[in-house]
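The stops below follow one another as selections.

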Amino acid sequence: MLDTLDLERSLDKDTYTTQVEDLMQQLQVLQQSCWERQLPLIVVLEGWSATGKGSLVKKMVNSMDPRGFSVHPTLAPTPTEEQYPFLWRFWQQLPPRGSFGIFYHSWYTHVLEDRLFDKLPEYKAPQALAQINAFERQQVEDGVAIAKFFIHISRKELKKRIKTLAKDELSAWRVRPEDWLQAKYYAQYCALAEEMFLHTSTGVAPWVLVEGNCKRWTRVKVLSQLVSTLTSALDRQAIQQPLPPSTPQVQLLPTEPDFLAKVDLSLKLDREEYKEKLRNAQLELLQLQLQIHKHQIPVLLVFEGWDAAGKGGAIKRFTDTLDPRSYEVNAYAAPTEEEHKYHYLWRFWRKLPEAGKFGIFDRSWYGRVLVERVEEFATEAEWRRAYREINEFEAQLVSSNYVLVKFWLHISPEEQLARFEKRKEDPLKQYKLTEEDWRNREKWPLYEVAINQTIGRTSTPGAPWTIVPGNDKYYARVFVIETVIQAVKARLKQFKD
């Protein structure tokens, strides 16, 4: 694709001045429209070193309201960022609805420079490219506009510009060793870029290749395409009509398994047996905590379940003997006003545990396909595509060395009612019982269908669901800890093999 570009294209100064002034005025108007319509924009600027990306960004934002954009220069990941999946740091930088996020280099550095300099093993490249496609598709389907530019220059022009920058004491600091290596391995870098275009120039986020030998031509082409991208995105947004609400599915289809019906809720432990098993399990967990830290394994536990199923009690017993510096518990309720400005997965990406620590989520991203589905807070299109988004998200975690354990705490309707009544009579527990709990109970059949379908669609080899028999709290608490122990041991075994 790069060899089809005519690098001799250029603009004279007068034509450039006229066109760029008009484009900047259009951008100013479009930025205001995006703010009013709450349309976010992601701009990706990739390409060779010394192609003028910095001056291009400066020209781009000169006509914009500085409160409505942020610029993110992508440098080598910090030691903290290296503990997470490679896309983690970019999720932190996503623009909220109505704002622009400009990425001066981006997630594509991972599949360009990191491959060129052997920081990304070749066998991992296809997985990284697939994760990038999923990331961009998720943003676009959530209403984000994306404009991706690759600025191309000839090898001769690249060497010339790097030498010029290196000779100037005011710009020499900007020349990295990697820039000289780009020129040295020009053909290899071109091949990597071509492969990147092939796999990541998609219908929702296509690449725009820009001739870069003439900086005036480069600026006008990028700004023109940016205007076109924003205009098209605003037009699409204006004609999109909300789909009518779907009729909730009350029963599972004959071909769909009923996972919950297979759970033996009669399983129980007497008090003495519970104390002994709990003590042994907590001691073994404490011993494993050191190994998790030693091998820098992040462990993420997801707790979902019926209201009053005992999630809080299970979490309490799990953490009782652990060093509090080694874990963090995050409880999730309805999204806040700020969280509504981003993709629904954003708030969960932000709280992923560091390597060597436990992260415990009381409720999670499964709210999209459970409560948001049943209560119609999400459209049918949103919750249906969430199954795929969730599987992609969890696959990234597992491929980044996470131990991911997902629990559904299951109880019978009769047991739930008994616990509700007990809470109602206990002054110390009345705060736990809300009107929402009673409303959710009335929709038990709808939730039952949603839960079974969620388990069926998101239980994968790398991130399977564990259904916890929860009618007996003693049994459930021990079962949870023992399940985590087994999962951690299985991961530690990989270090011995």
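**Stop one: a loop residue**

Select Asp142, which touches Arg97, Tyr342, His343 and Arg385, not counting residues up to four places away in sequence; contact means heavy atoms within 4.5 Å. Asp142 lies in the loop between helix H5 (125-141) and strand E4 (145-152); helices (H or I, at least four residues) and strands (E, at least two) are DSSP runs, numbered from the N terminus. Asp142 counts as buried because its relative accessibility is 15%, where buried means under 20% relative accessible area, exposed over 50% and partly exposed in between (1.4 Å probe, protein chains only).

This is a predicted model, in which local features need pLDDT of at least 70 and side-chain atom pairs count only at pLDDT 80 or more, while totals for chains, interfaces and linings use all residues. Residues are numbered from 1 along each chain as its sequence is written, and side-chain values use heavy atoms, with hydrogens and water left out.

**Stop two: the sheet**

Next, show the open sheet of 5 strands, ordered E7-E8-E6-E9-E10 with parallel pairing; two strands pair if DSSP finds at least two bridges between them. Strand E7 (327-331) and strand E10 (465-469) are at the edges with a single partner strand each, so one side of each has no neighbour in the sheet. Zoom in on strand E6 (residues 299-305) and strand E8 (residues 358-362), which pair in the parallel sense over 5 bridges. Leu300 has Gly359 in E8 as its bridge partner.
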